[in-house]
Amino acid sequence: MVRRRRTPGPLRIAVTGSATGLGAALLKRLAARADVEELIGLDAVPGRDDRVLWRSDGTLAERLAGATTLVHLALSYDALAEPSTRRRLNVDGSAATLEA
């Protein structure tokens with residue numbers, strides 16, 4: 001079931017963790033939608049989809065400027081990474097995203 005949009009106007013969707021995996025698959029699906037005006041990709045390494053505006057400069061708030069929707073998929077699931085590194089990427093990164 002698809003929920004009806006609450007806000008009028010064009011969709012500008014930002015996706016964190018968008019260069020690979022689930023984020024890349026979501027961008028591909030969103031790019032096929034007629035009601036999506038702009039896709040903003042946020043990842044440590046930009047992806048290869050030309051339909052996406054890849055932003056890596058400036059603060060997170062600046063990179064999210066203009067977005068009407070945010071999908072936060074960035075995470076580290078590397079079991080070999082130090083716990084402090086995973087916490088910085090997963091917990092602190094999510095907090096920073098919510099604050100932006």
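Student: What percentage of the 100 residues in the protein do buried residues make up?

Tutor: Buried residues make up 23% of the 100. Buried means under 20% relative accessible area, exposed means over 50%, and partly exposed is in between (1.4 Å probe, protein chains only). Keep in mind that this is a predicted model, where local features need pLDDT of at least 70, side-chain atom pairs count only at pLDDT 80 or more, and totals for chains, interfaces and linings use all residues. Residues are numbered from 1 along each chain as its sequence is written, and side-chain values use heavy atoms, with hydrogens and water left out.

Student: How do you know which pieces count as helices and strands, and how many are there?

Tutor: They are DSSP runs, numbered from the N terminus: helices (H or I) need at least four residues and strands (E) at least two. On that basis the protein has three helices and four strands. Going from the N terminus, the order is β-α-β-β-α-β-α.

Student: What makes E1 and E2 a pair?

Tutor: Two strands pair if DSSP finds at least two bridges between them. E1 and E2 run parallel and are joined by six bridges, so they pass that cut-off. Along the pairing, Ile13 sits opposite Leu39 in E2, and Thr16 faces Leu42 in E2.

Student: Why is E2 called largely enclosed?

Tutor: Five of the seven residues of E2 are buried, so the rest of the structure largely encloses this strand. E1 is mostly covered too, with five of its six residues buried.

Student: How do you know that Glu37 and Arg12 form a salt bridge?

Tutor: A salt bridge needs a side-chain nitrogen of Lys or Arg within 4 Å of a carboxyl oxygen of Asp or Glu. For Glu37 and Arg12 the closest N and O atoms are 2.5 Å apart, so the pair qualifies. Glu37 lies in strand E2 (residues 36-42) and Arg12 in strand E1 (residues 11-16), so the bridge ties together parts 25 residues apart in sequence.

Student: Is Arg12 buried, exposed or partly exposed, and what makes it so?

Tutor: Arg12 has a relative accessible area of 26%. That makes Arg12 partly exposed.

Student: How many salt bridges does a search of the whole structure find?

Tutor: Three. One of them joins Asp35 and Arg33, with the closest N and O atoms 2.6 Å apart. Asp35 is partly exposed at 30%, and Arg33 is partly exposed at 39%. Another links the side chains of Arg51 and Asp49 at 2.8 Å, N to O. Arg51, at 48% relative accessibility, still counts as partly exposed, because exposed would need over 50%.
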